[in-house]
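Dear colleague,

Please find the structure below. A short account of the findings follows it.

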Amino acid sequence: MKASVMTLSLSNNYGATLQAYALVRKMNNLGIDTVAYKYIDKKRLTYGLTFKQKIYYFLWNFFKNTITLNKRNRLFKKFRKKNIPYTTKRYHNNKELCKNPGEYDVYLSGSDQIWNPDLFLYDLSYFLNFVPKGKKKVAYASSFGKSSFQSKYAETCGALLKDFSHIAVREESGINIVKELSGQDAECVLDPTLLLTAEEWEIVTEKAKKKAKKFNGILCYIMPGKKSVVDKIKETAEKLSKEKGLPIKYIGIKEYQIFKYGIKNCDIFVSPEDFVCYFKNASCVVTNSFHGTAFSLTFNKDFYVPIDGKIANGVALHERVLSILSKTGAENALVPVDEDINLKELNKKEVQEKLSKERTLSLEYLKKSIGV
C-alpha cells in the first residue's frame with residue numbers, strides 16, 4: 001500500500017517539521033510506503049500583509065539570513081533530507097497538484113493547523129481538492145487552530161470534507177466544526193508527535209549537538225504571543241532557576257531577542273534534533289507552545305504553561321493547549337499571568353497513563369482509517 005501526506009513540513013518550524021516526521025515514520029512502521037508532499041506555496045508567507053508589512057518581512061529575512069548565513073534554515077533542510085521521505089516532484093501551487101497528484105492508495109491530510117482559515121486562506125490543497133475522484137481521502141489530527149470557522153470558503157471546505165472516508169481532528173472543538181461544515185462525524189486524536197514514545201524519539205536525539213545532550217536546566221520554548229504571556233514565561237523560569245539552582249536555556253526565539261534574555265542563556269541555532277534533545281534532558285519546561293507542551297508530555301517533564309485569561313477561549317494557543325492538557329489530565333501545568341506564581345505539581349503517573357491510553361486509541365484510528 002502506498003500513501004501520501006499533505007501537511008505543513010517545509011516551513012522552518014519545529015512543530016510543523018517534527019509532526020510531519022512523526023506521522024510519516026509511524027505510517028512506514030505500519031508497513032505503508034508513505035511520502036510527504038514536497039509542497040509550499042510561497043505566496044502564503046506574505047498573503048494578507050500590507051505593502052509596508054511585506055517590506056518589513058523581506059528586509060528582516062534578508063538581514064537575518066545575511067548575518068547568520070542562513071544557518072537555521074540549513075539545519076532544517078538537513079533534517080528533512082535525512083529523515084522525511086518526500087515526493088520526487090516539488091509542488092509550488094495548487095494547480096500543479098491538481099495536474100499531477102501522484103498515484104497513491106490513500107491520500108492523508110494532516111496534521112498541524114492546516115485547516116486554520118487564517119493560515120491556509122485561499123489554498124484548498126490541505127482539504128485535498130486535488131485528489132482524483134474515487135480515491136481514498138483521510139484526515140489525521142488536522143487542526144482548525146480555533147473553536148470556530150469563519151471564512152468565505154466555509155461552503156467549499158464543507159463540500160470537500162464530505163469526500164473524506166475518515167476525519168480525525170486534533171482538538172475536541174474541531175469535531176463540532178466538521179459537523180457544522182459538512183455534516184460529517186469526526187474523532188479527536190493525538191498530534192503525530194505524541195504517537196511516538198520517548199524511546200522512539202531517542203533515534204532523533206542521537207544526532208543532537210553536545211550542548212543539548214549535556215543540558216539539565218530550565219528550558220524555555222517561546223512562540224510569538226501576547227506580551228503578558230511571554231513575560232510570565234521569563235518570570236516563571238527565573239523563579240524556578242532560583243529555587244532549583246539551575247541554568248535557563250531559551251530556544252525558538254528570534255535572533256534579536258538574545259539581548260533581552262541574555263546571550264549566554266540563548267541557543268538560536270537549534271536543529272530539530274537539538275530541539276527534541278533539549279526537551280529530553282531538561283529538568284523542567286516553561287512554554288507557550290502546543291508542541292512544547294506535547295514534547296514535555298512525551299518526556300514526562302514537570303512543565304508550566306502561562307495563560308492569559310483575558311484572551312477568549314477558543315482562540316489560537318488556548319484552544320490547542322487546553323485541549324491536550326484536558327485530554328491528559330495535566331491542567332495543573334497552567335500558570336495564570338494575572339496571579340502570583342504558584343506552581344502546582346503534576347500527577348505525572350496519571351498523566352502518562354492517560355497519554356498512553358490516548359496514544360493507543362489514536363493508533364487504532366490511524367490503522368482503521370487507512371485499512372491495515
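**Pockets, cores and cysteines**

The second largest pocket holds about 240 Å³ of space. On a 1 Å grid over the protein atoms alone, a pocket is an open set of points with protein on both sides within 12 Å along at least five of seven lines, a cavity is a set where a 1.4 Å probe fits but cannot get out, and lining residues have an atom within 4 Å of a point. Grid points are joined across faces, edges and corners, and a volume is the space filled by probe spheres set on the points.

Please note that this is a predicted model, in which local features need pLDDT of at least 70 and side-chain atom pairs count only at pLDDT 80 or more, while totals for chains, interfaces and linings use all residues. Residues are numbered from 1 along each chain as its sequence is written, and side-chain values use heavy atoms, with hydrogens and water left out.

The lining of this pocket includes Lys-71, Arg-74, Lys-207, Phe-269 and Asp-274. Helix H3 (71-83) and helix H11 (272-281) each supply at least two of its residues, and H3 gives the largest share, 5 residues. Helices are DSSP runs (H or I, at least four residues), numbered from the N terminus. By class, the lining has 8 charged, 3 nonpolar and 1 polar residues; Asp, Glu, Lys and Arg count as charged, Ala, Val, Leu, Ile, Met, Phe, Trp, Tyr, Cys and Pro as nonpolar, and the others, Gly among them, as polar.

The largest nonpolar core has 65 residues, and Trp-201 is one of those with the most contacts inside it. Such a core is a set of buried Ala, Val, Leu, Ile, Met, Phe, Trp, Tyr and Cys residues joined through side-chain atoms within 4.5 Å, where buried means under 20% relative accessible area (1.4 Å probe, protein chains only). Helix H1 (residues 14-29) gives the most to this core, with 8 residues. Beyond its neighbours within four places in sequence, Trp-201 is in contact with residues including Leu-18, Tyr-21 and Phe-299; contact means heavy atoms within 4.5 Å.

How many disulfides does the structure hold? There are 0, a disulfide being a pair of cysteine sulfur atoms within 2.5 Å.

Yours sincerely

Note on methods: Buried < 20%, exposed > 50% of the residue type's maximum accessible area, 1.4 Å probe, protein only.
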